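The following exercises are to be worked with the sequence and the coordinates at hand. Each task is followed by a solution in steps.

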Amino acid sequence: MSAVASGAGRAGRAGSRSGRRKPKFGWNLLGLLVFAVAGFPVYWMLNTAFKPAKDAIDPDPSLLPTGLTLDNFSRALHIADFWGPVGRSLLVSLAVVAIGVVVGMLAALAISRFAFRGRKIVIVGILAVQMVPLVAMIIPVFLLLNDLDQYDKLSGLILTYLTFILPFTVWTLRGFIVNIPKELEEAAMVDGCSRTGAFVRVVFPLLAPGMVATSVYGFIQAWNEYLYALMLLSQKNQTATVWLSNFSTKHGTEYAPMMAGATMMALPIVALFLLVQRKMAAGLTAGAVKG
């Protein structure tokens, strides 16, 4: 009797483990499907960048590369000035991130740690600004920059990017600061630190992963922005995203060199992610568990 019961128990446990494996397998399959859908455009960009130009316009394209060539990259580098637009995009993106993180951190700290009149209005205003479509602000921004003599200048483009990146930075950093207990600062102040010293020695190290994550997303937004760069800068000051339009001519679009240019433009983002991936993971999960 006991042997029968023992066998039934083992069968029940095996069935339970099998039942747990099925949902896990389903989630893994769903994850692979999402990865395939999200990664296929990147694969197709790389495939087109390295294939001969005539194969890029083949009406019956092959999913697998049939031949590899670097001619498209050479064409992309010589169709127009490449390093100039890339350098300008890098300058604008880094300036936006640096200014946005410093100003956003101070603003987020004030909103999170201090009670002042109009605090809720400021928070609602930050959310409201992010809900406004960027295309709706093109004409007002153009007129304002023209009045300030900032049209067709990188400084004007930096100010424009800050209008939609800074609210995102403030709101994101506020979420990180709120999850840092005030008691840590108070304990540091009891031990003799000033409020500034408590922030630098206690809050700032805990906030660093969140700042890295916010900086990366701000950099991506500034690096990939196209519409304002097209409208507010002339061809001599164009950024990398606008530079890609050089491959669309009256004779058609040169898809292979365009994909080669897009691949080279993606390299700074990939390098940035590789450098800060650990901080990114820590920043994205900060505050997820309390205790």
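**Exercise 1.** Does T239 count as buried or exposed, judged by relative accessibility?

*Solution.* The model is a predicted one. First, locate the residue: T239 sits in the loop that joins α10 (227–232) to α11. Next, apply the cut-off, by which a residue is buried under 20% relative accessible area. T239 has 3% relative accessibility and therefore counts as buried. Finally, list its surroundings: with neighbours within four places in sequence left aside, T239 is in contact with P85, S89, L157, A229 and L233.

**Exercise 2.** Describe the secondary structure and the overall burial of the protein.

*Solution.* Begin with the elements: there are 12 helices and 2 strands. Their order along the sequence is α-α-α-α-α-α-α-α-α-α-α-β-β-α. Then consider burial: 35% of the 291 residues count as buried. The protein exposes about 17700 Å², and carbon and sulfur atoms supply 69% of that area. As for contacts between residues at least 6 apart in sequence, 73% join residues at least 24 apart.

**Exercise 3.** Which residues have the most contacts inside the largest nonpolar core, and which element gives the most to this core?

*Solution.* The largest nonpolar core has 34 residues, and L173 and L207 have the most contacts inside it. Elements giving two or more residues to this core include α1 (2–50), α4 (83–113), α7 (154–178) and α12 (255–285). The greatest contribution comes from α9, with 8 residues. To examine L207 itself, set aside residues up to four places away in sequence; L207 then touches M105, L173, F176, I177 and I180. A second core, separate and made of 18 residues, includes V92, L162, I165 and A229. As background, nonpolar side chains in soluble globular proteins tend to be buried together.

**Exercise 4.** Which residues form a nonpolar patch on the surface, and is W27 buried or exposed?

*Solution.* The patch consists of W27, L30, L33, V34 and V37, which together have about 550 Å² of accessible area. W27 belongs to helix α1. The cut-off for an exposed residue is over 50% relative accessible area. With 62%, W27 is therefore exposed.

**Exercise 5.** How many aromatic pairs does the structure hold? Classify two of them by geometry.

*Solution.* The structure holds 11 aromatic pairs. In the pair of F142 and Y151, the centres are 5.2 Å apart with 80° between the planes, an edge-to-face arrangement. F142 is partly exposed at 31% relative accessibility, and Y151 is partly exposed with a relative accessible area of 34%. Now take W243 and F247: their ring centres are 5.4 Å apart and their planes lie at 85°, so this pair is edge-to-face. Both W243 and F247 are buried. Ring pairs also link these two residues with F82 and W83 into a cluster.

**Exercise 6.** How many residues apart in sequence are L166 and G100, and how far apart are they in space?

*Solution.* L166 lies in helix α7. In sequence, L166 and G100 are 66 residues apart, while their C-alpha atoms are 5.3 Å apart in space. L166 has a relative accessible area of 23% and is partly exposed.

Key
Residues are numbered from 1 along each chain as its sequence is written. This is a predicted model: local features need pLDDT of at least 70, side-chain atom pairs count only at pLDDT 80 or more; totals for chains, interfaces and linings use all residues. Side-chain values use heavy atoms; hydrogens and water are left out. Helices (H or I, at least four residues) and strands (E, at least two) are DSSP runs, numbered from the N terminus. Buried means under 20% relative accessible area, exposed over 50%, partly exposed in between (1.4 Å probe, protein chains only). Contact means heavy atoms within 4.5 Å. Accessible areas come from the Shrake-Rupley method with a 1.4 Å probe; for residues, only the protein chains shown count as cover. A nonpolar core is a set of buried Ala, Val, Leu, Ile, Met, Phe, Trp, Tyr and Cys residues joined through side-chain atoms within 4.5 Å. Patches are made of residues with over 30% relative accessible area and no salt bridge: like charges are joined within 9 Å, nonpolar side chains (Val, Leu, Ile, Met, Phe, Trp, Tyr) within 5 Å. A salt bridge is a side-chain nitrogen of Lys or Arg within 4 Å of a carboxyl oxygen of Asp or Glu. Rings of Phe, Tyr and Trp (its six-membered ring) pair if their centres lie within 6.5 Å; planes under 30 degrees apart count as stacked, over 60 as edge-to-face and the rest as tilted.
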